[in-house]
Amino acid sequence: MNDSLLVRLPKGEDLLSALVAICLEKNITKGHVSLVGALEKAVLGYYPQDTRTYVTHTLEEGTEILAGLGNVSLKDGQPIIHLHLTLLKSDFTITGGHAMPGNILFAGEACITPIEGPRLHRGLDAATGLPLWDQTGM
């Protein structure tokens, strides 16, 4: 049995918020996410390992989502989406990074595949400074 959800994402909405809303509605707390589509505005992050603080870059132009890959887990008891994006700009150059809040959808189609088993909880990892999966629950 395949429990994957194929969903159309709403134009004008924040990409991460739209995905979280679907997970809340369908009670998905652990899973895989893949998507394609387009953004009206993109906000990408990069995490320099030496400074351990995300650097963000905003694209105020339309872009095509060539690939969006990520996962669903829990942080502070709520679903959180960890998503990376590969984007095509109008000049046919490619950029990408960690999806940050503020990615505004033009169009999107996502596949969310729930994964059974113990829930994955994110907590601060002292070695990296990132909110990674708690190894005790794996």
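Aspartate 76 is exposed in this predicted model, with a relative accessible area of 74%, and the residue sits in the loop between strand 4 and strand 5. Its phi is positive, at about 55°, although aspartate 76 is not a glycine.

**Overall fold**

- Read from the N terminus, the elements follow the order β-α-β-β-β-β-β-β-β-β, and the radius of gyration of the chain is 15 Å, close to the 14 Å that the globule rule gives for 138 residues, so the chain is as compact as a globular protein of that length.
- Taken along the principal axes, the box filled by the C-alpha atoms comes to roughly 45 × 45 × 20 Å.
- Of the 138 residues, 38% count as buried, while the chain exposes about 8,100 Å², of which carbon and sulfur atoms supply 56%.
- When contacts between residues at least 6 apart in sequence are considered, 64% of them join residues that are at least 24 apart.

**Nonpolar core**

- In soluble globular proteins, nonpolar side chains tend to be buried together.
- In this chain the largest nonpolar core has 25 residues, and those with the most contacts inside it are Leu9, Leu15, Leu19, Leu35, Leu83, Leu85 and Leu87.
- Two or more residues of this core come from each of strand 1 (5-9), helix 1 (15-26), strand 2 (31-46), strand 4 (63-75), strand 5 (78-88) and strand 7 (104-114), and helix 1 gives the most, with 6 residues.
- Leucine 83, one of the residues with the most contacts inside the core, is in contact with Leu15, Leu16, Leu19, Val33, Leu35, Gly68, Leu69, Gly70, Gly97, His98 and Ala99, once its neighbours within four places in sequence are left aside.

**Cysteines**

- The count of disulfides comes to 0, and for cysteine 23 the reason is distance, because its sulfur is 12 Å from the closest cysteine sulfur, that of cysteine 111, which is too far for a bond.
- Cysteine 111 is likewise in no disulfide, its nearest cysteine sulfur being that of cysteine 23, 12 Å away.
- Cysteine 23 counts as buried, at 1% relative accessibility.

**Asparagine 71 in strand 4**

- Asparagine 71 lies in strand 4 and is buried, with a relative accessible area of 16%, which falls under the 20% limit used for that class.
- Its side chain makes a polar contact, at 3.1 Å, with the side chain of arginine 122.
- Not counting residues up to four places away in sequence, asparagine 71 touches Gly31, His32, Val33, Ile80, Ile81, His82, Arg122 and Trp133.

- Threonine 29 lies in the loop between helix 1 and strand 2 and counts as buried, at 16% relative accessibility.
- Leaving out residues up to four places away in sequence, threonine 29 touches Val72, Ser73, Leu74 and Arg119.
- Glutamate 116 is placed in the loop between strand 7 and strand 8 (122-125), and this residue is exposed, with a relative accessible area of 73%.
- Although glutamate 116 and threonine 29 are 87 residues apart in sequence, their C-alpha atoms are 9.3 Å apart in space.

**Further residues in loop and helix**

- Arginine 52 is found in the loop between strand 2 and strand 3 (55-59), where its phi is near 55°, a positive value in a residue other than glycine.
- Arginine 52 is partly exposed, with a relative accessible area of 38%.
- Glutamate 25 has its place in helix 1 and counts as exposed, at 62% relative accessibility.
- Between glutamate 25 and threonine 86 there are 27 Å in space, C-alpha to C-alpha, and the two are 61 residues apart in sequence.

How values were computed:
Residues numbered from 1 in each chain as written. Predicted model: local features only at pLDDT ≥ 70, side-chain atom pairs only at ≥ 80, totals over all residues. Heavy atoms only, no water. Core = buried A, V, L, I, M, F, W, Y, C linked by side-chain atoms within 4.5 Å. Buried < 20%, exposed > 50% of the residue type's maximum accessible area, 1.4 Å probe, protein only. Helix = DSSP H or I, 4+ residues; strand = E, 2+ residues; numbered from the N terminus. Contact = heavy atoms within 4.5 Å. Polar contact = N/O pair within 3.5 Å; in protein donor to acceptor, adjacent residues only side chain to side chain. Disulfide = S-S within 2.5 Å. Rg over C-alpha atoms; globule rule 2.2 N^0.38 Å. Areas by Shrake-Rupley, 256 points an atom, 1.4 Å probe, with all protein chains shown as cover.
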